[in-house]
Amino acid sequence: LDEKIQEADCLSSELIVLRAAVDSDDAVTQIARDIEGMKRMHRMEIEVLKKQHAKERDDLANTYENDRASNDDLEASLEEVVQLVEAEIDANGSKAKELKKTKKKYGNNNI
């Protein structure tokens, strides 16, 4: 009978160890699942951030191109204004020369 009691105690101890191992395995399995879930969430967050970054980069590129086109238009307009001013200066210069000639011809007092 003592032998059977010792065997029962030994089996009981082994059962406790096995239950702890099973509980530990369940905990490890749950932790592994949690880690995989976090990894999936991080991958999704990274994808969202990549898409946002790509959109921001495209928006910046479009803004840059629009600004550059606008600057080109402004530069062309400015060049056109400069040409008009230079033409006006030339025209006024010719008129001034004619006026000087006229003043010389007719004298300063009459004009």
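In the predicted model, the side chains of Glu 36 and Lys 39 form a salt bridge with an N to O distance of 3.3 Å, a salt bridge being a side-chain nitrogen of Lys or Arg within 4 Å of a carboxyl oxygen of Asp or Glu. Glu 36 and Lys 39 are three residues apart in helix α1 and are therefore separated by about one helical turn. Glu 36 is partly exposed, at a relative accessible area of 34%, and Lys 39 is also partly exposed, at 39%; buried means under 20% relative accessible area, exposed over 50%, and partly exposed in between (1.4 Å probe, protein chains only).

The model is predicted, local features need pLDDT of at least 70, side-chain atom pairs count only at pLDDT 80 or more, and totals for chains, interfaces and linings use all residues. Residues are numbered from 1 along each chain as its sequence is written, and side-chain values use heavy atoms, with hydrogens and water left out.

The count of salt bridges comes to three. One of them joins Asp 59 and Lys 55 at 3.2 Å, N to O, across four residues of helix α1, about one helical turn. Here Asp 59 is partly exposed at 37%, whereas Lys 55 is exposed at 52%. Glu 65 and Arg 68 also meet in a salt bridge, at 3.6 Å, N to O; both lie in helix α1, three residues apart.

The C-alpha trace spans about 155 × 20 × 10 Å along its principal axes. The radius of gyration is 47 Å, whereas a compact globule of 111 residues would have one near 13 Å; this radius is taken over C-alpha atoms, and the globule rule is 2.2 Å times the number of residues to the power 0.38. Buried residues make up 1% of the 111 residues.

Glu 75 lies in helix α1, which covers residues 2-106. Val 81 is placed in helix α1 and is partly exposed at 45%.

Conventions:
Helix = DSSP H or I, 4+ residues; strand = E, 2+ residues; numbered from the N terminus.
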